[in-house]
Amino acid sequence: MSSQDDGRGSGAGPWPGPYGQPPRYETVGRPGQPYGGQRHQPSPHGPSAPAPGPYGATADHHPAAGPYGQAGPYGQVGPYGQAPVPARPTAVVVAAVLGSVFGALGALVGLGLVLGGAVLGSLLGDLAAGDPSVTATDPGEVAEFTDAVQAFAIGLGLVVLVWAALVVWGSVRALTGRSRVPLLVGGSIAVAVTGLATLATLAGAASGGTGAGEIAVVLLFLLAALAVVVLLCVRPAAQFYAAHRARRAR
């Protein structure tokens, strides 16, 4: 056998390509490969297109992409293509905190009215028994008056407790992005009540029966109630709740 045949069998020499193509080298067991490596083929997608991966996906991935199709920071989407979680605005946080404060104070006042109304009947009875001017009146009228005051105190205390529960529940829902309506309703009630209290305090101050400290306290509560309603209606808060409604609708 000639030396040329020996060269071909050992894979050490060039093997001329067909029809005048450049010679190629053969290796044992994998003909047509340059020394065991895969020969470069031009990409059918063009020089700048990435090679397709399995299932039609491209081989390269964006460096900011995360698992399950998540994008990187700055506008990332949730897992499995969910809408991005909006950031909680400062206005919503402040409104929820003020609502919680109103709810705590309302719970204390409501409990005080209910407990006070429960013992108010016996207290008024003892006062009427020790007052000679009241003893001369009809005992039935005194009892009716005592029962009416007691019922009014207990009923008002229950109403305040219901309002306090509404405000606390609304604060939690507003803070989590579920809904701002309960806190808006509770804040509006607070604005109405503190507004009436402010008018009464100013009227008492005009007659000389109310001091500057009482006016300042009532005005502070009025401003806090107004802040709850206004902060929930500003544009960042509206966008925050609109984004949460859009997420729940998917």
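Some ground rules. This is a predicted model, where local features need pLDDT of at least 70, side-chain atom pairs count only at pLDDT 80 or more, and totals for chains, interfaces and linings use all residues. Residues are numbered from 1 along each chain as its sequence is written, and side-chain values use heavy atoms, with hydrogens and water left out.

Now the overview. The protein has seven helices and zero strands. Along the sequence the pattern reads α-α-α-α-α-α-α. Helices (H or I, at least four residues) and strands (E, at least two) are DSSP runs, numbered from the N terminus. Of the 250 residues, 23% count as buried. Buried means under 20% relative accessible area, exposed means over 50%, and partly exposed is in between, with a 1.4 Å probe and protein chains only. Next, contacts, meaning heavy atoms within 4.5 Å. Take the contacts with a separation of 6 or more: residues 24 or more positions apart account for 60% of them.

Back to helix 5, residues 181-206. Its buried residues are P182, L183, L184, G186, G187, A190, T194, T198, T201 and G204. Just after helix 5, G208 takes a positive phi of about 85°.

Then comes helix 6, residues 212-233. At 1.5 Å a residue, its 22 residues should span 32 Å. Its end C-alpha atoms are 32 Å apart, which agrees. Buried in helix 6 are I215, V218, L222, A224, A225, V228 and L232.

How do helix 5 and helix 6 pack, by angle and by distance between axes? The angle is about 155°, and the axes are 8 Å apart. That makes helix 5 roughly antiparallel to helix 6. On cut-offs, angles under 35 degrees count as roughly parallel, over 145 as roughly antiparallel, 65 to 115 as roughly perpendicular, and the rest as oblique. Axes are lines fitted to C-alpha atoms, for helices over the stretch in contact, and angles run from 0 to 180 degrees between N-to-C directions. By class, the contact of helix 5 with helix 6 has 18 nonpolar, six polar and one charged residues. Ala, Val, Leu, Ile, Met, Phe, Trp, Tyr, Cys and Pro count as nonpolar, Asp, Glu, Lys and Arg as charged, and the others, Gly among them, as polar.

L98 lies in helix 2, residues 90-130. L98 counts as partly exposed, at 23% relative accessibility. Leaving aside neighbours within four places in sequence, L98 is in contact with A224, A227 and V228. L98 and A224 are 126 residues apart along the chain, yet their C-alpha atoms are separated by 6.9 Å.

On to helix 4, residues 139-176, which holds S171. Is S171 buried or exposed? S171 is buried, with a relative accessible area of 3%. Not counting residues up to four places away, S171 touches A96, G99, S100 and L183.

V159 is in helix 4 too. V159 counts as exposed, at 54% relative accessibility.

Last, V109, in helix 2. V109 is partly exposed, with a relative accessible area of 47%. C-alpha to C-alpha, V109 and L158 are 9.9 Å apart.

Note on methods: The expected span of a helix is 1.5 Å times one less than its number of residues.
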